[in-house]
Amino acid sequence: MVDFRALTEKHRVQILNTYETIWANPETGYKEWKTTAFAEQIFESLGYTLTRAGDIPGFYTDIDTGRPGPVIALLAELDSVICASHPAADPETGAVHACGHAAQMAGLIGVAAVLKEPGALDGLCGKIRLMAVPAEELLEIAFRDTLRAKGTIRYYGGKVEFLYRGYFDGVDMALMVHSSNLSSAGPQARYLLVPGGNGCLLKNMIYEGKAAHAGGAPQNGINALYAANLGISAVNALRETFIEKDYIRFHPIITEGGQIVNAIPDRVKVESYVRGASWEAILEANEKIDRALASGALAVGGQLYYGDRPGYSPLHNDEELSSICADILRRTYDEEAVIISERWDTGSTDMGDLSTVMPVLQIYAAGAAGHGHGADYFIEDKDKACLGGAVALLSTVSALLCDDAAKAYKVIAHAKPLFHSKEEYFSLMDSLFCDDPAIEYDDEGAMVHWKRVRT
Ligand SMILES: [Zn+2]
Ligand SMILES: [Zn+2]
């Protein structure tokens, strides 16, 4: 068996240099032009031919073992989050790698370098697609709306957009490594495997009122900020009706709260997700949430536009893939290196969308410290996060593709994705867009009816 730990170690300097460069140049989703150019140049210097997305950041390349077999995609995410109070945040944009994605590309560069080593592909069949994907973090929705209006993108998550564009056509399964803070599990913990995590519906709401002089004639105005406050409070009054097993989360932010202080605000923008463990749970909660949000607008005689967008599907890590990965990593390190947990993540990722059409596995690698998306997050142990990421992908993909891909074929045979085809999946996604007004008023200003988004 190839010693992937030793081979990865050989490329330590390049892996860590990749990490440091990306950490120092954070960019948010669909804006990762410097990051993608930097990664492309390394891939090309390693001898790879790339297929670039072109009008958005991101690319992929195929490694052919020369023998027929399954196609496995290994992914790394390019984007950062925004946390302006983080000491490493970009002073202009507030962008910072407080979700650790810089470690992902460092790991993928490690994979790319190792797979060019003589003998690295010996005994394997099929193809390995290395892919740099943009825009995992679901943020700056107004900016993505402009990209969508221009026809550049159709979907908000980078993997979803790549799936739509056909970059996953012919791919049988996908793997990635995300860094995580596993410090509470002790120093021996290197990896964590979980069953999956929440999906989400994205809400990009606009409360509409009527502007008027805030001191001179407030009686002539309709206060959209009060409408938004009432709507959010009304959702808070629903929380105990959510069932534990559904893991419902609603966490709004106000992104525009009025234009000038001496006018009654006539437009207030609120963004939130409705997260949950299944699409059924998300859509059921969303009906109640829509009603509560509309009640705020109704109370002041204003209007609400729902602004629903497809978020991400719940992630279901493939059990078979998970057990193959745990087994090989325990043999590569030791028994204690891999934690298998039944914990359901309440965050969301577009890896979930891939999991609705193919078997996937998102492996957590230790090495992060602090709170994800927070001002104290950083990669403390780069060995575990960056080199460990490369070793996890290399070991798992080689376990899957050796012995005529016996294990990969077993995964494919047992897989039960939610949808039979990506078309079926996209038809659900397309049904989730809704910019309708919530309330219909008659000529006298009385409510005719409240419109529920979906029935
Ligand atoms: Zn994140
Ligand atoms: Zn992340």
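Modeller: Two strands pair if DSSP finds at least two bridges between them, and the strands (E, at least two residues) and helices (H or I, at least four) are DSSP runs numbered from the N terminus. This is a predicted model, in which local features need pLDDT of at least 70 and side-chain atom pairs count only at pLDDT 80 or more, while totals for chains, interfaces and linings use all residues. Residues are numbered from 1 along each chain as its sequence is written, with chains lettered from A and ligands numbered from 1 in the order in which they are written.

Biologist: How many residues lie between E1 and E2 in their hairpin?

Modeller: The two strands are separated by 6 residues, and in the turn glycine 54 has a positive phi of about 90°. E1 pairs with E2 (residues 59–64) in the antiparallel sense over 2 bridges, and arginine 52 stands opposite phenylalanine 59. On the E6 side, phenylalanine 59 faces alanine 132; E2 and E6 are antiparallel and joined by 6 bridges.

Biologist: In what order do the 8 strands of the open sheet follow one another?

Modeller: The order is E1-E2-E6-E3-E7-E19-E8-E17, with mixed pairing. At the edges stand E1 (51–52) and E17 (338–340), each pairing on one side only. Within the sheet, E7 (residues 173–179) runs parallel to E19 (residues 360–365) through 6 bridges; leucine 175 has leucine 361 as its bridge partner in E19.

Biologist: Which strands does helix H4 lie across?

Modeller: Axes are lines fitted to C-alpha atoms, for helices over the stretch in contact, and angles run from 0 to 180 degrees between N-to-C directions. H4 (residues 101–114) lies across E3 (71–77), E6 and E7, at about 140° to E3.

Biologist: Why are H9 and H12 described as roughly antiparallel?

Modeller: Angles under 35 degrees count as roughly parallel, over 145 as roughly antiparallel, 65 to 115 as roughly perpendicular and the rest as oblique. The axes of H9 (residues 319–332) and H12 (residues 406–414) cross at roughly 155° and come within 9 Å, so the two helices are roughly antiparallel. Contact requires C-beta atoms, placed from the backbone, within 7 Å. By that criterion, Glu320, Leu321 and Ile324 of H9 meet Lys407, Lys410, Val411 and His414 of H12.

Biologist: How many residues of H6 are buried?

Modeller: A residue is buried with 20 or more other C-beta atoms within 10 Å of its own, exposed with 12 or fewer, and partly exposed in between. In H6 (residues 158–165), 6 of 8 residues are buried, including Val160, Phe162 and Leu163. These buried residues pack against E6 (127–133), H10 (351–355) and H13 (422–431). Glycine 166, with a positive phi near 95°, follows H6.

Biologist: Which residues have the most contacts inside the largest nonpolar core?

Modeller: A nonpolar core is a set of buried Ala, Val, Leu, Ile, Met, Phe, Trp, Tyr and Cys residues joined through C-beta atoms within 7 Å. Here the largest has 131 residues, and Ile72, Leu74, Met105 and Val111 have the most contacts inside it. Its largest share, 12 residues, comes from H11 (residues 382–401). Beyond four places in sequence, the contacts of isoleucine 72 include Ile128, Leu175 and Val397.

Biologist: Where does threonine 346 lie?

Modeller: Threonine 346 is in the loop between E18 (344–345) and H10. With 14 other C-beta atoms within 10 Å, threonine 346 is partly exposed. Not counting residues up to four places away in sequence, threonine 346 touches Gly197, Asn198, Tyr247, Arg249 and Arg275.

Methods: Two residues are in contact if their C-beta atoms, placed from the backbone, lie within 7 Å.
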